[in-house]
Structure formats: structure tokens, C-alpha cells
Amino acid sequence: MPAISSNKPFRVGRSKTGLGLFATKPIKKGTRIIRYFGPILDSRIKEQDDIENKYLFELNGRWTIDGSVRKNVARYINHSCRPNAESDVRPRERKVFIRAIKNIEPGDEINYDYGTDYFKAYLKPIGCKCASCETKRKKLRAEARAERAKVKARAERKAQKATGKAPAKKKLNGKHFNGKVGRVRG
Ligand SMILES: [Zn+2]
């Protein structure tokens, strides 16, 4: 792991999906956090165009940053569908900066949206593990669970009706079911 000087407002740390970049100090919305850098590749040169790794950052049709170099600490920043930072791409300068789009608190993981192409190629096939997608998945699972419970309860009520037993809830509901309660017990 590269040594990071302590005046930087971030550190590399463990995240759910491996390593990630975490704020160590408050970072104000709009702040330039770090530069994403590496050798510039020219798509018109075959050997450069042939380079393939998951840290390539395309500036435009011609130029791409190869961010796989060790010194590029920004390569540790993970993708999020609801990020707290963004990539500020400057094709003419051939530079990319990662900039806060929210106020970031110490301990927060720094994320930016990698974009549709990356998402389709790398994340969709395995399922996005970002906090936003995890929350969404959890919610969907909870809803599915609730729906299953509802269906089950309905089926149980039906079955009880069919066998002539009044469901527990109705037994306690005095008035209307007085007669039935007697039948069930008797
Ligand atoms: Zn996601």
C-alpha cells in the first residue's frame, strides 16, 4: 500500500468490496479531492490502444489515462450509484480530478459514478455492491418477505375457513363470532 502523507484528507482502507478511499477530514462540497492520473494513451497508436485493464479512464475518443500505476491513489475510489464525488474530466488538459459533490465527513467512503459503460461491462453482470444498491436490494427483499407473509396468512385463513375453524384473531373479536367460538371449543 502506498504511503500517503497525513495532510491529505483521505486514506486507503478496507471497504466492502476490497479497498477503498476514505475521508479522514471533513471535505467540503466542491473541493477537488485528488487527481486521477497515469500515462496518457493514444488510441491511434496500436500498442497503446491494445492496453487493457480496469483502471483505464477515457478522456475522449483519442486519449485515455492508464490509471493502473501504483502512485495513482485515486484508483482505489470505488463506484457508487449515489456518490459523494464526481470525476471532473478535462480532455483538453488531459486531466481528471475527483471532486466532492456533497459535504463528506471523516470516515465516509469517497465514491464517484464510473458511468454507464463501466457499469454495463463490469458491475451489472456481478451486481453492483454500492451502498445505494445494497439498500435497494435489502428493501426489495423485505418487501418480498412481507408479500410472502401476506400470501401465507391469506392461505392460512382460507384453510381455517375450509376446516370450519375460526382464525385466532376473530375468536377474540367477541361480538360477531360468539356462536363460532363455542363451536370451535366444543
Ligand atoms: Zn450501485
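**Group meeting: a walk through the predicted model**

Confidence first. Average pLDDT for the protein chain is 87, and 85% of the residues score at least 70. Keep in mind that this is a predicted model.

Over residues 182–186, pLDDT stays under 50. For that stretch, the model has 3 contacts beyond four places in sequence. Where pLDDT is low, the predicted coordinates should not be read in detail.

Now the overall fold. The protein chain has 5 helices and 10 strands. Of its 186 residues, 19% are buried. Now take contacts between residues at least 6 apart in sequence. Of these, 61% join residues at least 24 apart.

Strand E8 covers residues 85–90, and strand E9 covers residues 95–100. How do the two strands run? They are antiparallel, joined by 6 bridges.

Across from it, look for Arg-99. Glu-86 and Arg-99 are 13 residues apart along the chain, yet their C-alpha atoms are separated by 5.4 Å. What else does Glu-86 touch, leaving aside neighbours within four places in sequence? Its contacts are Arg-99, Ile-101, Tyr-112 and Asp-113. Is Glu-86 buried, exposed or partly exposed? Partly exposed, because it has 15 C-beta neighbours inside 10 Å. Buried would take 20 or more, and exposed would take 12 or fewer.

Phi of Arg-94 is near 55 degrees, a positive value, and the residue is not a glycine. Arg-94 also counts as partly exposed, because it has 15 C-beta neighbours inside 10 Å.

Last stop, helix H3. It takes in residues 131–162, so to speak, 32 residues in one run. From first C-alpha to last, H3 reaches 46 Å. That is close to the 46 Å expected at 1.5 Å a residue. How many of its 32 residues are buried? The count is 0, and H3 is hardly covered. Just after the helix comes Gly-164, with a positive phi of about 80 degrees.

Key. Residues numbered from 1 in each chain as written. Predicted model: local features only at pLDDT ≥ 70, side-chain atom pairs only at ≥ 80, totals over all residues. Helix = DSSP H or I, 4+ residues; strand = E, 2+ residues; numbered from the N terminus. Contact = placed C-beta atoms within 7 Å. Pairing = 2+ DSSP bridges. Expected span 1.5 Å × (residues − 1). pLDDT = per-residue confidence, 0-100.
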